[in-house]
Amino acid sequence: YCIGVLGAAIRLGIIGHVDAQHILGTARNAIVEVVRQAAAVDAMSAFTPEAEIAAMRHETAETRLFAN
């Protein structure tokens with residue numbers, strides 16, 4: 001996740017490659033701590049109402065993403 005966010009920042013021109021490496025190195029200890037405190041798998045759930053609504057609207061839409 002962190003590498004993805006840093007990669008997006010590089011592509012947007014917000015930071016450079018060296019800055020991204022520095023940020024990742026600085027955040028390493030915090031990342032390790034967060035991963036160690038991860039929730040148990042049975043405690044995880046998903047809540048994405050926006051995606052569900054978009055999927056429902058797509059079914060009745062006049063145009064489709066992949067139209068022939």
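Author: What follows takes the labels one by one. The model is a predicted one.

Reader: What makes up the fold, read along the sequence?

Author: The pattern is α-α-α. The protein has 3 helices and 0 strands.

Reader: Why is the protein called more spread out than a compact globule?

Author: Its radius of gyration is 19 Å. The globule rule gives 11 Å for 68 residues. The value is well over the rule, so the protein is more spread out than a compact globule. Along the principal axes, the C-alpha trace spans about 50 × 40 × 15 Å.

Reader: How much of the protein is buried?

Author: Buried residues account for 7% of the 68 residues. The cut-off for that label is under 20% relative accessible area. The accessible surface is about 6,400 Å², and carbon and sulfur atoms hold 61% of that surface.

Reader: Which residues of helix α1 are buried?

Author: In α1, residues 2-11, they are Leu 6, Gly 7 and Ala 9.

Reader: How do you know on which side of α1 they sit?

Author: They cover an arc of only 160 degrees around the axis, so they lie on the same side of α1. Their cover includes α2, residues 17-36.

Reader: Why is Ala 54 called partly exposed?

Author: Its relative accessible area is 45%. Buried needs under 20%, and exposed needs over 50%. The value falls in between, so Ala 54 is partly exposed. Ala 54 belongs to helix α3, residues 49-60.

Reader: What separation do the C-alpha atoms of Ala 54 and Ile 23 have?

Author: They are separated by 35 Å. Along the chain, the two residues are 31 residues apart.

Reader: How many charged side chains are there, positive and negative?

Author: There are 5 positive and 7 negative side chains. The centres of the two sets lie 8 Å apart.

How values were computed:
Residues numbered from 1 in each chain as written. Predicted model: local features only at pLDDT ≥ 70, side-chain atom pairs only at ≥ 80, totals over all residues. Heavy atoms only, no water. Helix = DSSP H or I, 4+ residues; strand = E, 2+ residues; numbered from the N terminus. Rg over C-alpha atoms; globule rule 2.2 N^0.38 Å. Buried < 20%, exposed > 50% of the residue type's maximum accessible area, 1.4 Å probe, protein only. Areas by Shrake-Rupley, 256 points an atom, 1.4 Å probe, with all protein chains shown as cover. Lys, Arg positive; Asp, Glu negative; His and termini not counted. Charge placed at Lys NZ, Arg CZ, Asp CG, Glu CD. Arc of directions from axis to C-beta. Contact = heavy atoms within 4.5 Å.
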